[in-house]
Amino acid sequence: MDASRSDVLILGGGVIGLASAYYLLRAGATVRVLEQGTPGCGSSHGNCGTITPSHAAPLAMPGMVSVALRSMFRADAPLYLNPRPDPERLRWLLGFARRCNWRDFERATRARSAILQRSRGLLEALVRDEALDCEFVAGGELYVYRTRAQMEADERHHAQVLDRLGIEVNRLRGDEVENLEPALLPGVAGGLFHPGDAQLRPNRYAAELARRVRELGGVIESGARIDQFGLQDGRISHVRTTRGVFHGEQVVMALGAWSPLLGRLLDLRLPMQPGKGYSITYTRPQQAPRHALVLREAAVCVTTWGSGYRLGSTMEFSGYAEGLNRTRLDALRRGAAAALREPEGPEVLEEWWGWRPMSMDEVPIIGPSTRWSNLLLATAHGMLGVSMSAATGELVAALAGRGTAALDPAPYAPARFGL
């Protein structure tokens, strides 16, 4: 039996697992990361790479349930709920629906804002101090509106929320938006600019984190699919994988959308669903946007890097159904074509899909398990895994006894779900 020991065994090699490994290593722990594929191959790979304190508000608010139900009849809707019967998804939806009220909205917003703002500062310092080659740019993000109705709705439920949180948001007229971003077609009704947001190339960020983890003495086991947990006296004694059996004094579950599936082996019912997202990556168009954009009516995110260009977003709840949905990709193209002078790059480099780990209350689950004494969870970051990665890693290291928490851990604790 191949038994390898470390202070901390991290399950999952996406940006959350890698960031946790980095901060634990910096604090003096020995670390091994178990990844079923290769580092960053999941939702860390193909997302839009925006770093967004502006995304503090959750989807769950009054009126969102009716939006979700109407989406069942539109396969190309930005938020799509597959009508296929699924008991687990129904249970999650009922829990989500119960949180579509202003009290829970406010609670989730404040929890998300705290970790997003902490992570924004940490991430820029991390990229700078560790010289991470990931095309980080602190250029802000621009929401673009082609209708007054959508902008007025976002003023109430987005901009005013950011005002209360002290997050800067600039209201712009249509002509100001068009002057700021010449890549847009005429006819812009207005915009909201978030100067504190940033962007990076997420696959490069994950690769650079993996490089630093190895340089700091961490071990990353690629192709290590978890088959079984050894459980003894309320602890995880070992983890059996296709690469062997591994032991850790502490275990961190950072498995993203796979967390509920592996959680069953630990008798944990995580209140999560995979929210499927899509992206199309191109070579860079000649008239590429200067800023990261969100085309609000179409709910399409547009990111430009020196090395490429990406259209992404959409949210599809279809359980663990794999594969590309051409209808969803076509919706990205149509949304971009309605707003941009040159909506696509000269060459398609990749069409991608990935599962986002969506918690029932849209707040990440970070902290010690109430069921297993040496298990920490670090999952359910939804669409914000890259944005929240640095602060999550820092918090995991502190909760593992390797420092002092800079954030109040209570809002993220697994105990709120009895985990």
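What is the volume of the second largest cavity? The second largest cavity has about 70 Å³. The model is predicted, so local features require a pLDDT of at least 70, side-chain atom pairs count only at pLDDT 80 or more, and totals for chains, interfaces and linings use all residues. Residues are numbered from 1 along each chain as its sequence is written, and side-chain values use heavy atoms, with hydrogens and water left out.

Start with the empty space. Rolling a probe the size of a water molecule over the atoms shows where empty space is left. Here a cavity is a set of points, on a 1 Å grid over the protein atoms alone, where a 1.4 Å probe fits but cannot get out; lining residues have an atom within 4 Å of a point. Grid points are joined across faces, edges and corners, and a volume is the space filled by probe spheres set on the points. Two cavities of 30 Å³ or more turn up in the structure.

The largest cavity holds about 110 Å³ of space. Its lining is made of Leu59, Met64, Ala68, Leu79, Leu81, Trp92, Leu93, Phe96, Phe317, Met358 and Glu362. Two or more of these residues come from each of α3 (64-71), β4 (79-81) and α4 (87-98). Helices (H or I, at least four residues) and strands (E, at least two) are DSSP runs, numbered from the N terminus. The top contributor is α4, with three residues. By type, the lining has ten nonpolar residues, no polar ones and one charged. In this count Ala, Val, Leu, Ile, Met, Phe, Trp, Tyr, Cys and Pro are nonpolar, Asp, Glu, Lys and Arg are charged, and the others, Gly among them, are polar.

Now return to the second largest cavity. Arg112, Met358, Ser359, Glu362, Ala380, His381, Gly382, Met383, Leu384 and Met388 form its lining. That set divides into five nonpolar, three polar and two charged residues.

Next come the packed regions. A nonpolar core is a set of buried Ala, Val, Leu, Ile, Met, Phe, Trp, Tyr and Cys residues joined through side-chain atoms within 4.5 Å. Buried means under 20% relative accessible area, exposed means over 50%, and partly exposed lies in between (1.4 Å probe, protein chains only). The largest nonpolar core has 51 residues, and Ile10, Leu24, Val31, Leu123, Leu200, Tyr205 and Val252 touch the most other members. Elements giving two or more residues to this core include β1 (3-11), α1 (15-26), β2 (31-35) and α5 (102-129). The most come from α1, with nine residues.

Take Leu123 as a way in. Leaving out residues up to four places away in sequence, Leu123 touches Ile51, Phe136, Leu200, Tyr205, Val386, Ser387, Ser389 and Ala390. Contact here means heavy atoms within 4.5 Å. A second, separate core has 24 residues, among them Ile226, Met272, Trp372 and Ala380.

Thr379 sits in strand β19. Thr379 is buried, at 1% relative accessible area. With residues up to four places away in sequence not counted, Thr379 touches Met253, Gly256, Ser259, Leu270, Met272, Pro357, Pro364 and Ile365. Arg310, in strand β16 (residues 308-317), is also buried, at 1% relative accessibility. Arg310 and Glu351 stand 41 residues apart in sequence, with 9.8 Å between their C-alpha atoms. Arg5, by contrast, lies in strand β1 and is exposed, at 65% relative accessibility.

A disulfide is a pair of cysteine sulfur atoms within 2.5 Å. The whole structure has zero disulfides. Cys48 is buried, at 9% relative accessible area, and Cys301 is buried too, at 8%.

Finish with two loop residues. Asp233 lies between β10 (226-232) and β11 (235-241). Its phi is positive, about 55°, although Asp233 is not a glycine. Asp233 is exposed, at 73% relative accessibility. Asp267 is in the loop between α9 (259-263) and β13 (272-282). Phi of Asp267 is also positive, near 60°, and Asp267 is exposed, at 59% relative accessible area.

Conventions: 1 Å grid on protein atoms, 1.4 Å probe; cavity = no way out; pocket = protein on both sides within 12 Å on 5 of 7 lines; lining within 4 Å.
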